[in-house]
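Let's walk through this model together, starting with a helix and then turning to charged side chains. Have the structure open in your viewer as you read.

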Amino acid sequence: MIAVSDSAFLTPEAYLELEEKSNIKHEYIDGQVYAMAGTTDIHNTIALNLALLIRNHFRGSGCRVYFADIKAKLEKRNRFYYPDIIVTCDPKDRETPTYKRFPKLIIEVLSESTEGFDRGDKFNDYQTLDSLEEYVLVNSKHQRVETFYRNEQGLWVLQTYTPDDQTFELKSINLTATFTDLYDNVELEAVTEKPELI
């Protein structure tokens, strides 16, 4: 993310109004706006594959899946983020066409420029959403899925999946999917093993 202005403070209402007219997406953090970097074909393909898997899983239900251009509003932290995928089953989220306040599941596809933020401050911010049951990080360099699921005690439990598992589970929406479908039409760089030190 790149700060657009260090001095201009925007209210959430002013941000939403400007964002509606902007050709570039910006995230909003406590009065400041940050331009978002573009994405890659690998990142986009992975996110689209996953959005379609979830969409097909929800066909005929009251739940909705949103891909790339819908914001998550975090009222407790005064932030708007653009997750790669948002899933909401709350009818109140139909009242706001450009952002959602009650997501059940948020998914981020990791990239080198955003991985630290997605794992750190952004995840910390997302945890303020009472409705959020699961936060998922999908790797775009290697086939790996990390799910953080909020258990009954309110603790976030990490589960890591790799191709050895063949499938991964999104507990919040009761979906089991394959790595083959997730990484369909995606060519990842070959992983070279590090030589052993003698």
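First, some ground rules. This is a predicted model, so to speak of local features takes pLDDT of at least 70 and side-chain atom pairs count only at pLDDT 80 or more, while totals for chains, interfaces and linings use all residues. Residues are numbered from 1 along each chain as its sequence is written, and side-chain values use heavy atoms, with hydrogens and water left out.

Start with H2, residues 41–58. Helices here are DSSP runs of H or I with at least four residues, strands are runs of E with at least two, and both are numbered from the N terminus. The expected span is 1.5 Å times one less than the number of residues.

Which residues of H2 are buried? They are His43, Ile46, Ala47, Asn49, Leu50, Ala51, Ile54 and Phe58. Buried means under 20% relative accessible area, exposed means over 50%, and partly exposed is in between (1.4 Å probe, protein chains only). Just after H2, Gly60 has a positive phi of about 85°.

Arg59 lies in the loop between H2 and strand S4 (64–67). Arg59 counts as exposed because its relative accessibility is 55%. Together with Arg55, Arg64 and Arg94, Arg59 forms a positive surface patch. Patch members have over 30% relative accessible area and no salt bridge, with like charges joined within 9 Å and nonpolar side chains (Val, Leu, Ile, Met, Phe, Trp, Tyr) within 5 Å.

Now for the salt bridges, each a side-chain nitrogen of Lys or Arg within 4 Å of a carboxyl oxygen of Asp or Glu. The whole structure has 15 of them. One joins Glu17 to Lys21, with the closest N and O atoms 3.8 Å apart. Both residues belong to helix H1 (residues 12–21), four residues apart, about one turn of the helix. An α-helix has 3.6 residues a turn, so residues three or four places apart point the same way.

Lys25 and Asp69 also pair up, at 3.3 Å from N to O. This bridge links distant parts of the chain, 44 residues apart: Lys25 is in the loop between H1 and strand S2 (26–29), and Asp69 in the loop between S4 and strand S5 (71–74). Lys25 is partly exposed, at 28% relative accessible area.

Finally, Glu27, Glu108, Asp118 and Lys122 are linked in a network of salt bridges.

Definitions and conventions: Accessible areas come from the Shrake-Rupley method with a 1.4 Å probe; for residues, only the protein chains shown count as cover. Lys and Arg count as positive and Asp and Glu as negative; His and the chain ends are not counted. The place of a charge is taken as NZ of Lys, CZ of Arg, CG of Asp or CD of Glu.
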